[in-house]
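Work through the exercises below with the sequence and the model open. Each task is followed by a solution in steps.

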Amino acid sequence: MSRPRVVIVGAGFAGYRAARTLARLTRNRAEITLLNPTDYFLYLPLLPQVAAGVLEARRVTVSLPGTLRGVRLVLGEAEHIGLDGHTVHYSGPEGGSGSLGYERLVLAVGSVNKLLPIPGVAEHAHGFRGLPEALYLRDHVTRQVELASAEEDPESCAARCTFVVVGAGYTGTEVAAQLQMLTDRLARRHPLPRGLRPRWILLDVAPRVLPELDERLSRTADRVLRSRGVEVRMGTSVREATRGGVLLTDGRFVATRTLVWCVGVRPDPLVEAVKQPLERGRLIVDPYLQLPGRAEVFACGDAAAVPDLENPGKFTPMTAQHAWRQGRVAGENAAASLGLGRRRRPYRHRDLGFAVDLGGVQAAANPFGVPLSGPAAGAVTRGYHLAALPGNRVRVAADWLLDALLPRQGVQLGLVRAWSVPLDTASPELARVPGGPERPPAPAGDEPMTHDEHRNRRTDEPAKNQPGGEPAKNQPGGEPAKNQPGGEPAKGGPDHPAPGPVKRTDTPDAADTPD
């Protein structure tokens with residue numbers, strides 16, 4: 001007798017937890033396939049520490065084959081979901097294509113950078129949703145400080161030492177806090193002329209930092225940032241981004257070479273292509289995480305609008321905490337629907353609190369509603385991350401210890417170019433590469449719009465800056481980018497044009513633009 005087939009699309013917080021739960025409950029009585037373009041689960045909350053050089057990149061990645069026993073990994077990106085035919089069509093990392101049949105489907109495709117119709121942002125800003133973006137940002141920030149230390153023109157020096165982060169939610173606050181400490185260390189090694197110090201500006205249209213969290217956490221984060229010299233400007237955003245800087249909504253122009261876009265997330269475009277009812281871009285599901293009228297299809301994480309049973313009439317926010325818990329419930333309910341494991345249950349949650357790492361020993365946390373700040377919050381925050389990590393705990397703890405005892409290495413690796421991590425992408429997990437595979441046409445069948453047709457569509461939903469969130473399912477990119485050292489983007493040519501829907505045109509000094 002053949003085993004029932006379960007396909008899970010996406011290996012973010014929700015997809016990884018669903019796969020692990022299904023494997024444990026079914027005990028090889030079901031054929032579980034995980035479709036994902038990378039072979040790792042990304043622990044997104046620690047990504048700012050990768051950008052700051054505290055953690056090495058592999059520390060925040062957890063091997064899928066190494067930790068999901070009994071789960072078959074297929075590398076690729078879902079392009080089309082044939083609900084009537086019970087088939088998932090996908091493209092592979094080297095240009096091929098394939099399809100997966102299923103009796104049960106779990107959609108956990110995650111989210112991507114949210115774009116707003118602001119002139120110049122797509123061309124000159126970079127998001128913060130994947131490892132390539134974090135590695136690029138670390139190189140870029142390091143390069144700007146190093147170039148500024150040898151800069152003779154005072155205006156150019158000041159622009160290189162000015163860094164603008166848009167979005168004072170969970171991600172933007174941690175990025176500003178962690179990288180401000182990095183640039184201060186770099187400036188001590190590379191003294192800036194005329195006594196300049198790196199300048200960090202954190203913007204948000206919200207009235208306070210961390211607007212979705214408890215006000216006490218907000219006040220703590222605000223105090224720490226301001227004490228380090230970060231300019232926190234609430235009620236302000238970007239009106240236009242240019243090559244030389246950003247025009248703010250208050251009319252002031254800030255000359256800068258660095259614009260980091262952390263204004264929130266939107267569901268992966270594949271969600272819209274499924275052609276099922278949506279709520280603010282997310283698939284509407286019932287409390288059991290099933291699509292109405294499609295009992296064989298489950299959705300969870302950032303891809304799903306899950307009813308909040310603790311707050312009737314509302315949906316759970318797009319956070320890592322919810323995605324992780326929903327993945328478990330989706331796995332349990334999918335197993336129960338096959339007659340395996342326990343009975344199905346609705347998704348309910350209890351707020352465990354949040355933790356925001358502000359660099360060094362500083363943090364803001366409210367575990368179980370108890371507000372903490374300073375070293376106590378720092379200890380709780382790091383303890384929480386070690387407990388939540390499904391792997392690499394010893395390595396992460398070792399990196400933290402080494403960072404506390406030894407000087408941090410401030411070097412450029414030159415692995416990721418500006419053009420390879422555009423803001424307007426449905427695949428922030430993988431850098432674009434020259435000569436990458438062409439995407440195959442969508443198969444015939446249910447005839448919904450494909451993932452590609454939705455790839456660059458933008459939503460007008462206001463940014464929520466939800467803390468955490470799960471990393472998006474990403475398009476395959478083939479080989480890693482082969483870049484020359486030095487940091488400037490490789491120039492496109494007739495043989496190796498810059499791939500993908502990148503709106504900028506690379507020039508020899510493109511690395512000096514506020515990207």
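**Exercise 1.** List the buried residues of helix α8 and find what covers them.

Solution. Buried means under 20% relative accessible area, with exposed over 50% and partly exposed in between (1.4 Å probe, protein chains only). By this cut-off, the buried residues of α8 are Leu 217, Ser 218, Thr 220, Ala 221, Asp 222, Val 224 and Leu 225. Their cover includes α7, β12 (199–204), β13 (231–234), β25 (363–365) and β26 (372–373). Helices (H or I, at least four residues) and strands (E, at least two) are DSSP runs, numbered from the N terminus.

The model is predicted: local features need pLDDT of at least 70, side-chain atom pairs count only at pLDDT 80 or more, and totals for chains, interfaces and linings use all residues. Residues are numbered from 1 along each chain as its sequence is written, and side-chain values use heavy atoms, leaving out hydrogens and water.

**Exercise 2.** Which residues of α5 and α7 meet?

Solution. Contact means heavy atoms within 4.5 Å. From α5, Leu 137, Val 141, Thr 142 and Val 145 meet Val 175, Leu 179, Thr 183, Leu 186 and Ala 187 of α7. By class, this contact has seven nonpolar, two polar and no charged residues. Nonpolar covers Ala, Val, Leu, Ile, Met, Phe, Trp, Tyr, Cys and Pro; charged covers Asp, Glu, Lys and Arg; the others, Gly among them, are polar.
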